[in-house]
Amino acid sequence: MKLEDFADISEVLGGGIFILAYRGEVVFVGKSTRGMLGAISNYRAKTMPSWFPRVTFDQVLVKYIHPDQLEATYASLIAEYRPKHNRDILPALSQPLERRI
């Protein structure tokens, strides 16, 4: 086998946006400030807590997005595709934390 026969997926080692699709339909849009590979694998893992969604997908699309553009790009993709598995799992964790002393 030659190296040219393989797909270069190096982008999943960094942060960015990933899209999980099933039969051509976008079913989940995710974001990660660190490696996307670990985040993607969590959506198929059987060892995650029961509240964590398992997503059936047969296609993964990834794109490096600069951290300054991550939230805006993520929100835009959610609005455009309205994936059925995107929801706030724990809304409290998606809000900025307030530290009280």
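Strands S1 and S2 form a hairpin with two residues between them. Arg23 sits in the turn and has a positive phi of about 55°. Strands (E, at least two residues) and helices (H or I, at least four) are DSSP runs, numbered from the N terminus. This is a predicted model: local features need pLDDT of at least 70, side-chain atom pairs count only at pLDDT 80 or more, and totals for chains, interfaces and linings use all residues. Residues are numbered from 1 along each chain as its sequence is written, and side-chain values use heavy atoms, with hydrogens and water left out.

**Strand pairing**
- S1 (residues 16-22) pairs with S2 (residues 25-32) in the antiparallel sense over seven bridges; two strands pair if DSSP finds at least two bridges between them.
- Val26 in S2 is the bridge partner of Ala21.
- S1 also pairs with S3 (residues 59-64), antiparallel, over six bridges.
- Leu20 stands opposite Val60 in S3.

**Burial**
- Six of the seven residues of S1 are buried, meaning under 20% relative accessible area with a 1.4 Å probe and protein chains only.
- Across the 101 residues of the chain, 28% count as buried.

**Whole chain**
- The chain holds three helices and three strands.
- Their order along the sequence is β-β-α-β-α-α.
- Of the contacts (heavy atoms within 4.5 Å) between residues at least 6 apart in sequence, 56% join residues at least 24 apart.
- The accessible surface is about 8,000 Å², and 54% of this belongs to carbon and sulfur atoms; areas come from the Shrake-Rupley method with a 1.4 Å probe.

Conventions: Buried means under 20% relative accessible area, exposed over 50%, partly exposed in between (1.4 Å probe, protein chains only).
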